Amino acid sequence: MEGKYKISGMHCAACSAAIERFLGKQDGIEYVSVNLATEKMLVKYDESLYSCSDISALVEKLGYGCMEQSAADAAALKAKKQEKEAAEKALQKQIKNALFALCFAIPLLYVSMFHMMGAPLPAFIDMHRSPVGHVIAQLLLTVPILICGRSFFTSGFPSLFRLHPNMDSLVAVGTSAAFLFSIYVSVRVFIGDDEYIHSLCFESSAIVIAFVMLGKALEARSKKRTGDAIARLTELSPETARVTRDGETMEIPASELVVEDLVSVLPGERFPCDGTVLSGEGSVDLSMITGESNPVNVSLGDEVIGASINLDGKIVFTATKTGADTTLSQIIRMVEDAQSRKAPIAKLADTVAAYFVPTVIAIAVVASIIWAIAGKNFEFILNIFVSVLVIACPCSLGLATPTAIMAGTGRGAEMKILYKSGEALQLLSHINTAVLDKTGTVSEGKLKVTTVSPAEGYSEKELLLYSASAEKASIHPIASAIIRYAEDNGIELFSAENSFVIPGKGIKSLVSGKTILAGNKALMDEENIPVPDNDIPGATMIYVAADGCYMGLISAKDSIKHDSAAAIEGLKKLGISCVMLTGDNEGSAREICRQAGIESWKSNVMPGDKAAVVESLRSSESKVLMVGDGINDAPALAAADVGIAIGSGTDVAIESADIVLMGGELSSLYDAVRLSKAVMRIIKQNLFWAFFYNCCGIPLAAGLIFALGGPLLPPMFAGAAMALSSISVVSNALRLKRFK
């Protein structure tokens, strides 16, 4: 009986050796091998003497943990699933709390403010006909919101007491002052002082909390996508591998592959690890990994990359990189590293809070002390203290940024531009360099027939008919392009017989009694069929022969998207320089750049190199955005200041990016940059007006004008001024809805 076990608690080679020695001495145990790096153990034993639990018990006697591999895998999978479910539940709870708060905030806003505009209210909560009912209605609507947003107080006040105030402190101080003063006003109304009803400001605390909660929930939802991108990358690698050991071929988990294993891959399968071809030849689709749009022919001695797809021919290769060392694993690691290194934008509101909150509190306290010394009564002093805090309540400051971002992202969604966070939107407005992937971003990403050149004695229709009929047995991308082109031209294809794919070269088929060869020049040379020399920049050429006679040439190549040139021109007008990176060859890269108007490019670029180019540009003080659509773009998307994915691309690219162009059109990039600049312009205007109101209102609330013989600003007017500032920033933000 052979068993596989997961060992925990080993620290060095001496640990693994001790387990091997101990088990090796036991009767009935034939073989023991412990791998320290993978923490796995292989044991061959007499099943009449031992059970799985007996083997685990023997190892545990030495002080190590031991579990059968299948049970360990199941436990790990269960733990991972539980962790994912817990994170999902926490996010859903956060979103539900925000929506719950909004359900109370909207009617509170109506009850507290809309009646001033003539909106009807039932008599039992109308402020003039039933002041007590009006107070109770506002209080009942406010308390649930404060309970939902209690984290602002449990976070904001401790930060303030530690002398490191943040945005939560800003919200906590202002909303607490407004709420506590409203409680005082409520008591006065309850004892019969109905004139105090105008000083209520419950909405000042509740509305801010509800909207900031919604903003935080949306931010948390965006951050969750980081983990989703990594998970999708790991799913690309096949779970099992076909390996030959000691002359015996078996299927094993891909995670158990070791260097120098002999691995075989059949057509249509993915390579489970990196390696060197030992026998066989064929075409390999590397587009998901390197971005190479055309399949690459591999044969003896060539390198293959894990997670790429074998298109034709059985290939046997020697594993050179397994586990964490494979190219795919390195891509995953680069995405994780780049995302962790990306420094968050310094939050303007937090910076302001560090100075604004203590300053406002100090002004309120100092003003109160001065008026106390001047002999004013307690109610006058409380009026001064609360008026300063209420007029400085960060409604407009708290709404200045999120309202503009919400309006901007909403308008972006209407234009099929998905901004995943306010940070991405803000960073995009400062970009001066755009790095563009070629395949699927600037170009269409799939081959199209561009030339059909029949030899003398043949027509274009004949050439397409026989070549497309023969290619029906191939899954090669150029075969699909030829078939698609023939069908688009109304050609009804023949049935092919005895089709035989010649790995890395082409196909041989019997079509309507003729032996058709369709493939590259190497295939024609092998069959001693003379063909003309042709060199079409950036194109893949397929030569066709019938019964040993040259029939003609069909070329296909990737072409730029219809809007790429206009998008590049638009970016240049915004002062953004463009660089194209591609895993494709130099000829294809040069041709695409010529058509698109891009002056700088790099070809034959591997995934790690793309990220390195982005990092290099960033180190030269450039603000870099990266636009891509493939798995191979994920590290660069994460490494850039802003990563932008084409919506028609892979899920991994979309999840790794900060912004998604859902329409799949590059021209949306120009609109995305312009919209981000408009949003930032609105935010700066909003912040200016927020501070302008505070700078004008705080001295008035502190009694400066009263000391000079003017009127005293009561809390009611302080609340009205605060509301006016909020209305102004919201109205200004809504102008973004008209962005064209």
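This is a predicted model: local features need pLDDT of at least 70, side-chain atom pairs count only at pLDDT 80 or more; totals for chains, interfaces and linings use all residues.
Asp-437 and Lys-610 meet in a salt bridge, with their closest N and O atoms 3.0 Å apart; the term stands for a side-chain nitrogen of Lys or Arg within 4 Å of a carboxyl oxygen of Asp or Glu. Asp-437 belongs to strand 15 (residues 433-437) and Lys-610 to helix 19 (residues 607-619), so the pair ties together parts that are 173 residues apart in sequence. Helices (H or I, at least four residues) and strands (E, at least two) are DSSP runs, numbered from the N terminus. Both Asp-437 and Lys-610 are buried, where buried means under 20% relative accessible area, exposed over 50%, and partly exposed in between (1.4 Å probe, protein chains only).

Residues are numbered from 1 along each chain as its sequence is written, and side-chain values use heavy atoms, with hydrogens and water left out.

The count of salt bridges comes to 14. Lys-438 pairs with Asp-558, the closest N and O atoms being 3.3 Å apart. This pair links helix 13 (residues 438-442), which holds Lys-438, to the loop between strand 21 (549-557) and helix 17 (564-573), which holds Asp-558, 120 residues apart. Lys-438 and Asp-558 are both buried. Glu-269 and Arg-242 also form a salt bridge (2.9 Å, N to O), and Glu-269 is partly exposed at 27% relative accessibility. Lys-557, Glu-591 and Arg-594 are joined in a network of salt bridges.

Just after helix 5, Leu-163 takes a positive phi of about 65 degrees.

On the surface, Val-132, Ile-136, Leu-140, Ile-183, Val-187, Phe-190 and Ile-191 form a nonpolar patch with about 600 Å² of accessible area together. Helix 4 (131-148) and helix 6 (167-190) each give two or more residues to the patch. Patches are made of residues with over 30% relative accessible area and no salt bridge, like charges being joined within 9 Å and nonpolar side chains (Val, Leu, Ile, Met, Phe, Trp, Tyr) within 5 Å; accessible areas come from the Shrake-Rupley method with a 1.4 Å probe, and for residues only the protein chains shown count as cover. Phe-190, found in helix 6, is partly exposed, with a relative accessible area of 43%.
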